[in-house]
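The sequence and structure come first.

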Amino acid sequence: VQLQASGGGLVQAGGSLTLACAASGYTYAVAWFRQAPGKEREFVVTKTWFFGEPYIGDSMKGRSTISTDNAKHTVYLRMNSLKPEDMAVYYCAASSGDRGRMQAETSYDYWGQGTKVTVSS
């Protein structure tokens, strides 16, 4: 499965941005992670393609929405009230099965190339 992330860019603090991740096929679950300069990659949100509620990490809880368009094999991450600390490269990932700890990077088999989000204060 190949993943293509897009939608990153420059946004002012308090603004919103929607990231998209186009997949070449279906998998069990999709997720977004992010990595800020000098920091380790951090879990953002995960969701199964067809059922279940998303699990959102603390960093974006209450400020983000994940959705899937099954016809387009695309998952979207809508981020609101962006802060300078949200600035990072955002990666989409996909898992071929339920690995238990779906907030862990090791649960994912496929990764997109990343899309950069810059938040100006």
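## A buried loop residue

Met 102 counts as buried, because its relative accessibility is 10% (buried means under 20% relative accessible area, exposed over 50% and partly exposed in between, with a 1.4 Å probe and protein chains only). Met 102 lies in the loop between strand E9 (88-95) and strand E10 (110-111); strands (E, at least two residues) are DSSP runs numbered from the N terminus. Leaving aside residues up to four places away in sequence, Met 102 touches Tyr 28, Ala 29, Phe 43, Thr 46, Ser 95, Gly 97, Ser 107 and Tyr 108, where contact means heavy atoms within 4.5 Å. Met 102 and Lys 72 are 30 residues apart along the chain, and their C-alpha atoms are separated by 23 Å.

## Basis of the model

The model is predicted: local features need pLDDT of at least 70, side-chain atom pairs count only at pLDDT 80 or more, and totals for chains, interfaces and linings use all residues. Residues are numbered from 1 along each chain as its sequence is written, and side-chain values use heavy atoms, with hydrogens and water left out.

## Strand E4 and its partners

Strand E4 (residues 29-35) is mostly covered, with 6 of its 7 residues buried. E4 runs antiparallel to E5, joined by 6 bridges, and antiparallel to E9, joined by 7 bridges; two strands pair if DSSP finds at least two bridges between them. Phe 33 stands opposite Phe 43 in E5, and Gln 35 stands opposite Val 89 in E9.

The hairpin of E4 and E5 has 6 residues between the strands, and Gly 38 there takes a positive phi near 80 degrees.

## The open sheet

An open sheet of 4 strands has antiparallel pairing in the order E1-E3-E8-E7. Strand E1 (3-6) and strand E7 (64-69) stand at the edges with a single partner strand each, so one side of each has no neighbour in the sheet.

E1 and strand E3 (residues 17-23) run antiparallel and are joined by 4 bridges; Leu 3 has Ala 23 in E3 as its bridge partner. Leu 17 is also found in E3 and counts as buried, because its relative accessibility is 14%. Its contacts, not counting residues up to four places away in sequence, are Gly 7, Gly 8, Gly 9, Leu 77, Arg 78, Met 79, Leu 82 and Val 117. Leu 17 and Ser 64 are 47 residues apart in sequence and 9.6 Å apart in space, C-alpha to C-alpha.
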